[in-house]
Every structure is written in structure tokens, then in C-alpha cells.
Amino acid sequence: MNAPAPRARFDPAMPGPQRIVCLTEETTEWLYLLSQEARIVGISGYTVRPRRAREEKPKVSAFLSAKIDKILALEPDCVLGFSDLQADIASALVRQGVQVTVFNQRSVDEIFSVLYQVAAMVGQAEQGLARLAAMRTRLDEIAAAAAALPRRPRIFFEEWDEPHISAIRWVSELLTLAGGDDCFPELARQPLGKDRIIADGQTIVARAPDIVIGSWCGKKFRPEKVAARAGWQDVPAVRDGQLFEIKSADILQPGPAALTDGVEQLHQIVMRWSGQHG
């Protein structure tokens, strides 16, 4: 049986955890933005933001699995995870005496709350608040521009293609803020992907999306494949060539990326559509 991971010594000049393992990308990106990357000793293998993190930090986990022995060898005093899907990883580490914090944010407000908590944990509450305030200000500007649109497009946001999985809550909220209407708002509050599955593609056809946005969780979006789906030829998005990709790293990570690059891309897509269909 592995021995408990030793605790890092407390450094009063750098309050909070000294050796952090981030099991998902959003906490890694946020700590880099806060200039606290020196605290990070391990990251997710799926991390692409910031790009240099992949070169600087050991990769110790996927999303549903992790190299427990490798994490223990890093002697973390804090492991940060996301969602109930990482409960087994968290449980294995807790049994080895490691401090684990697993966040479960699903809405835009919850993302803001988690980012503040992480900033406070590393002694950067003031800087965190300033950065979050700037993000809020930009979201308000986007919402104001969206409110002036003469017509809002119906948007089907597809997280996966086989089976079809619709937008998670924060994506639904951001596309609404950016000026669109989610074709499946009733599914957005379901936290698990399996509960947002649309088994029959004709259900999507019936809702006649003006825009289809694909973000296939790390797999390249294929607009020509969407356009070739049986019965989709008369869907407005297909007919008008309104099929777009937003990379999953920019929108499906519940952290700074979604609140900045992700929502900006959503807004640009909506504004271009409005310029053509206003």
C-alpha cells in the first residue's frame, strides 16, 4: 500500500497550497493567468491552455482516469478536480491522505464563484476579483449588443455527434447572452452528457436551427458530415451554410476560456448571421 503523500512545508511568503495538481484544464489556465504557475506540479494530459503548460508540467491524468502513483510521487498538498465524473480519482487520493477539492460548476455564475475561490486559495483574491470584474464587464457589453439585434437566431450547439448531445448549462447561458436562442434549453440544466442525448436527429430538424455549432470534445468538427445527415437538407443552418466549430478547449472547459474566447466566438457567429439575416 502506498504511503500518504508528504505535506509540503508552509511558506508564509506564498500562502495557500504550494504544490497543486490540476486534474482539468480550467484551473491550470486560471493559475497561469494569476501568475501562480510555480505552484502547479501536475496537469491533465488534455491541457492545451496555456500551450506552454504542456511543456512545463508533468501530465498525470486524463479526465476519467489518473496515474495515482505519479500524483503521489509529486507530493501535492492540494489536488483540484472537476465534477462528479472525477469522484473515483478523488476518492483514491483522499484514501492516500491527499487534500482534494472537487468543484462541480455548471452555470456561468458558478464558474465565476469557483474562479474566485481558487484565486483566494492561492492568496490572489484581489487580483482574482479584478480579473473577474473585467470578464463581467465584457459579458455585459456582449449582452447589450445582443439585446439590440432585430432577430435572434435559433442555435443547436452539439457537444457530440454520435449520439447527438446538446449544450451543457454554461454554454447554453453564454450562447443566450451572445444573442442566440438555444434549441434545447430544457436539456441544458442536465449536468450529465447522457441526460442531454437527443436520440432522434429528426427532433433537431424539427426545431429548425438557424445555426449549428459543433464542439466535439476534442474531435474535429465536420460540417460536411452534418450537412449530409438524412433529412437535414432543409434545416436553415444547412441550407444557408451556417455550420461552425468552436474548439472544446475554448468553450467546454468551465473556466476562463469559456468566459472570454468561447463567448467571443459565439457572439461573432451570431453577429455575422444577424448581418446577413437582420
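Me: Which helices and strands each supply at least two residues of the lining of the largest pocket?
Reply: They are α1 (25-33), β6 (154-161) and α12 (248-251). Helices (H or I, at least four residues) and strands (E, at least two) are DSSP runs, numbered from the N terminus. This is a predicted model, where local features need pLDDT of at least 70 and side-chain atom pairs count only at pLDDT 80 or more, while totals for chains, interfaces and linings use all residues. Residues are numbered from 1 along each chain as its sequence is written, and side-chain values use heavy atoms, leaving out hydrogens and water.

Me: What makes a set of points a pocket, and what makes a residue part of its lining?
Reply: On a 1 Å grid over the protein atoms alone, a pocket is an open set with protein on both sides within 12 Å along at least five of seven lines, and lining residues have an atom within 4 Å of a point. For the largest pocket, 29 residues line it, with Phe 63, Leu 85, Glu 159, Cys 217 and Leu 252 nearest its centre.

Me: Why are α6 and α13 called roughly parallel?
Reply: Helix α6 (residues 125-147) and helix α13 (residues 256-277) pack at about 20 degrees. Angles under 35 degrees count as roughly parallel, over 145 as roughly antiparallel, 65 to 115 as roughly perpendicular and the rest as oblique. The two are therefore roughly parallel.

Me: What makes the crossing of α6 and α13 left-handed?
Reply: A crossing is left-handed if the near helix is turned anticlockwise from the far one by less than a right angle, and right-handed if clockwise. α6 passes α13 in the left-handed way.

How values were computed
Axes are lines fitted to C-alpha atoms, for helices over the stretch in contact, and angles run from 0 to 180 degrees between N-to-C directions. On a 1 Å grid over the protein atoms alone, a cavity is a set of points where a 1.4 Å probe fits but cannot get out, and a pocket is an open set with protein on both sides within 12 Å along at least five of seven lines; lining residues have an atom within 4 Å of a point.
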